[in-house]
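Please keep the sequence and the model open while reading.

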Amino acid sequence: MPNYLRHRGNQGANAVNTDYGPSPFIWADCPVIEMLNDPNLGVHMYDDFKDFPLIGTQTTQIAHGRYKVFATTGSSVVPVSSINSVETMAGGLSFNTDTDNDSASLAQSYPNLLLSGSTSTSGKLWFECNVAVNTILTNTHGFFVGLAETDQFTLATGVPFNGASATITNGGSMIGFSKDEDGLGVVRSVYSDRATSLTDISATAGTISAAFAQIKLGLVYDPNKTTDCVTFYVNGVDTGTYMSKSTLTGLTNLDANSLGLMFSHIADSAGTSSISYLRWWRVAQLLP
């Protein structure tokens, strides 16, 4: 195996990485080039949606390239070239809603990742995304972003968010980050094992500083670790809260079934013209 370690940087108060792209502290030991050259090593996907095709009617779940997409009537998932009226390169996707309980979601059609907690069935995994919202005021909107049993969800109004960001459908498990409708800009690190609500790993993992300000949310899964089997990152910094291997392997579904990328946005009562932006996401996993 070649030495693929790259510059990682230090953690601490000065380690916050607010650059547009992937955070070095997360990705420095991920052998991306090696995986691209030799698929025997693992899988990798980076998408900034610059080649995203035109989407048709979204009011029922539809197939869309490698993804499936849904948006309530009057809502949409569409590429954008500007954020807050500022033209930008690789603008990403906007998830637009206008009425309480409206939703807009995007997910991989078929999952291909595994967090089994065992080195015999899963390798190390890296995930990160760049997210922004058009307001952090209370009662406007919430979102979930991360990994989920995407093949178990038929995206719809009420799926996966069941009328509010605090309640979800129990059709599939998930792990990642959530912003509550009434949580201002606070972002939680969370998981669900096919439950009707998300369980906090940290209720205050990070904070979106202002409307339209980007925040990078990431996690690293390492089946060789025990207390910090899953580590969560905000703007490239370890949040200091973890999912242990014993917690992960004690679950019924999250550790047993394949996972894929998912982003879901839901509007609240004051959510007129509420928007979440997904500028890019990236995931890689070594084969066991």
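## Phe49 and Phe52

Phe52 counts as buried, with 14% relative accessibility. Phe49 is buried too, at 3% relative accessible area. Buried means under 20% relative accessible area, exposed means over 50%, and partly exposed lies in between (1.4 Å probe, protein chains only). The model is predicted: local features need pLDDT of at least 70, side-chain atom pairs count only at pLDDT 80 or more, and totals for chains, interfaces and linings use all residues. Residues are numbered from 1 along each chain as its sequence is written, and side-chain values use heavy atoms, with hydrogens and water left out.

Phe49 is found in the loop between β1 (42-47) and β2 (62-64). Its phi is near 65°, a positive value in a residue other than glycine. Most residues other than glycine have a negative phi, and most peptide bonds are trans.

## Aromatic pairs

How many aromatic pairs does a search of the whole structure find? The search finds twelve. Rings of Phe, Tyr and Trp (its six-membered ring) pair if their centres lie within 6.5 Å; planes under 30 degrees apart count as stacked, over 60 as edge-to-face and the rest as tilted. The Phe49 and Phe52 pair is edge-to-face, because the ring centres are 5.8 Å apart and the planes stand at 80°. Ring pairs link Phe49, Phe52, Tyr67 and Trp281 into a cluster.

Phe143 and Phe263 make a stacked pair, 5.6 Å centre to centre with 20° between the planes. Phe143 lies in strand β10 (residues 141-148) and Phe263 in strand β19 (residues 260-267), so this pair ties together parts 120 residues apart in sequence. Both Phe143 and Phe263 are buried.

## A charge over a ring

The charged end of Arg282 sits over the ring of Trp27, 4.3 Å from its centre. The test requires NZ of Lys or CZ of Arg within 6 Å of the ring centre and within 35 degrees of the ring normal.

## Cysteines

The structure holds zero disulfides. A disulfide here is a pair of cysteine sulfur atoms within 2.5 Å. For Cys30, the nearest cysteine sulfur is that of Cys129, 16 Å away. Cys30 counts as buried at 1% relative accessibility. For Cys229, the nearest cysteine sulfur is that of Cys30, 17 Å away. Cys229 is buried at 0% relative accessibility.

## Backbone details

A cis peptide bond joins Val159 and Pro160, with omega about 5°. Pro160 lies in the loop between β10 and β11 (161-164).

Ser85 has a positive phi of about 65° although it is not a glycine. Ser85 lies in the loop between β5 (82-83) and β6 (86-87). Is Ser85 buried or exposed? Ser85 counts as exposed, at 74% relative accessibility.

## The whole chain

The chain has three helices and 20 strands. Helices (H or I, at least four residues) and strands (E, at least two) are DSSP runs, numbered from the N terminus. Buried residues make up 57% of the 288 residues. Of the contacts with a separation of 6 or more, 68% join residues 24 or more positions apart. Contact means heavy atoms within 4.5 Å.

The C-alpha trace spans about 50 × 40 × 35 Å along its principal axes.
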